[in-house]
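Trainee: I am new to this structure and would like to go through it by question and answer. Please show it before we start.

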Amino acid sequence: MSAQVNKVAKADPAAAALAAPPLTERQEARRRRILHASAQLAVRGGFDAVQMREVAESSQVALGTLYRYFPSKIHLLVATMQDQLERMHGTLRRRPPQGETAAGRVAETLMRAFRALQREPQLADAMVRALTFADRSVSPEVDQVSRQTTAIILDAMGQEDPTPEQLSAVRVIEHTWHSALITWLSGRASIAQVRVDIETACRLIDLTAPDRS
C-alpha cells in the first residue's frame with residue numbers, strides 16, 4: 001500500500017476497519033480472473049452484458065464462489081473500476097506527468113485516465129453506472145475506488161503528507177472527475193468541456209497549498 005493510501009486510511013479509521021484480510025495466492029488469482037471476465041464482458045456489451053452466470057463461466061469459477069467474492073453485479077463492477085484504476089496508476093507511475101505545477105500535473109493525469117476510459121466506452125459506462133447505483137452495502141468497494149483515485153491525484157501532486165485542506169480539495173476534484181465522466185458518457189459534455197471542468201477544479205490545489213500567503 002502506498003504512503004498516500006496509508007495517509008487516507010489513517011484519516012478514515014472506519015474505512016480501514018473494513019479492509020478484508022489478505023487473500024491467498026490462489027484466491028487472488030481467482031479474483032483476478034473474475035475481474036478480467038467482468039471487464040471483457042463489459043467491453044463487449046456494457047452494463048447489461050455483465051451477468052453473474054456469464055462471469056462465472058468465463059472465469060471458470062462456480063457461481064456460488066463468485067457470489068462469495070462479489071455479492072452482486074454492482075459489487076463486481078465497482079471492484080472492476082477499482083482494478084482498472086489500479087492498472088492506470090501503475091502506468092502513470094511508469095510515465096509520470098511532466099507539468100511544472102501540481103495543478104497542471106493533476107489535470108494531465110486525470111485527462112490521461114479519462115482518455116484511457118474513453119477508449120473503452122462500454123466498459124466505462126458499465127463501471128460508472130455501477131458506482132452511481134451503489135448503495136450502503138457496496139461502501140467498502142466504493143471506498144476502494146475513492147482511495148485509489150485519491151492516491152493517483154496525490155502522486156501527481158507529489159504530496160505524501162497532505163493537509164486536511166488539500167484532502168478536501170482532492171475530494172472536490174474527484175467529484176468533478178466523476179461528474180465529468182457521467183456527463184460525457186450521457187452525451188451532455190464534449191471532451192473539451194471535460195478538460196475545462198477538470199482544469200478548473202484542479203486550481204483548488206494551488207489555493208490550498210500550505211505555503212500560500
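**Overall fold**

Mentor: In the protein chain, 73% of the contacts with a separation of 6 or more are between residues 24 or more positions apart; a contact means heavy atoms within 4.5 Å. This is a predicted model, in which local features need pLDDT of at least 70 and side-chain atom pairs count only at pLDDT 80 or more, while totals for chains, interfaces and linings use all residues. Residues are numbered from 1 along each chain as its sequence is written, and side-chain values use heavy atoms, with hydrogens and water left out.

Trainee: How many helices and strands are in the protein chain?

Mentor: Helices (H or I, at least four residues) and strands (E, at least two) are DSSP runs, numbered from the N terminus. Along the sequence the pattern reads α-α-α-α-α-α-α-α-α-α-α. The count is eleven helices and zero strands.

Trainee: What percentage of the 213 residues is buried?

Mentor: Buried means under 20% relative accessible area, exposed over 50%, and partly exposed in between, with a 1.4 Å probe and protein chains only. Of the 213 residues in the protein chain, the buried ones make up 45%.

**Helix α4**

Trainee: Which residues of α4 are exposed?

Mentor: Helix α4 spans residues 52–59, and its buried residues are Met52, Val55, Ala56 and Ser59. These cover an arc of only 100 degrees around the axis, so they lie on the same side of α4; the arc is that of the directions from the helix axis to the C-beta atoms. On the other side of α4, the exposed residues are Arg53 and Glu57.

Trainee: Which elements do the buried residues of α4 pack against?

Mentor: The buried residues in question are Met52, Val55, Ala56 and Ser59. They pack against α3 (25–45), α5 (63–69) and α6.

Trainee: Is glutamine 84 buried or exposed?

Mentor: Glutamine 84 is found in helix α6, residues 73–94. Leaving aside neighbours within four places in sequence, glutamine 84 is in contact with Ala39, Leu123 and Met127. Because its relative accessibility is 19%, glutamine 84 counts as buried.

Trainee: Which element gives the largest share of the lining of the second largest pocket?

Mentor: A pocket is an open set of points on a 1 Å grid over the protein atoms alone, with protein on both sides within 12 Å along at least five of seven lines, and lining residues have an atom within 4 Å of a point. The second largest pocket has a volume of about 380 Å³, and of its 19 lining residues the closest to the centre are Gln84, Arg87, Met88, Ala116 and Arg119. Two or more residues each come from α3, α6, α7 and α8 (121–133). The largest share, six residues, is that of α6.

**The cavity**

Trainee: What is the volume of the largest cavity?

Mentor: A cavity is a set of grid points where a 1.4 Å probe fits but cannot get out. Points are joined across faces, edges and corners, and a volume is the space filled by probe spheres set on them. There is one cavity of 30 Å³ or more. The largest cavity holds about 30 Å³.

Trainee: Which element gives the largest share of the lining of the largest cavity?

Mentor: The lining consists of Leu85, Thr109, Leu110, Ala113, Thr149, Ile152 and Trp177. The elements giving two or more of these residues are α7 (102–118) and α9 (139–157). The largest share, three residues, comes from α7.
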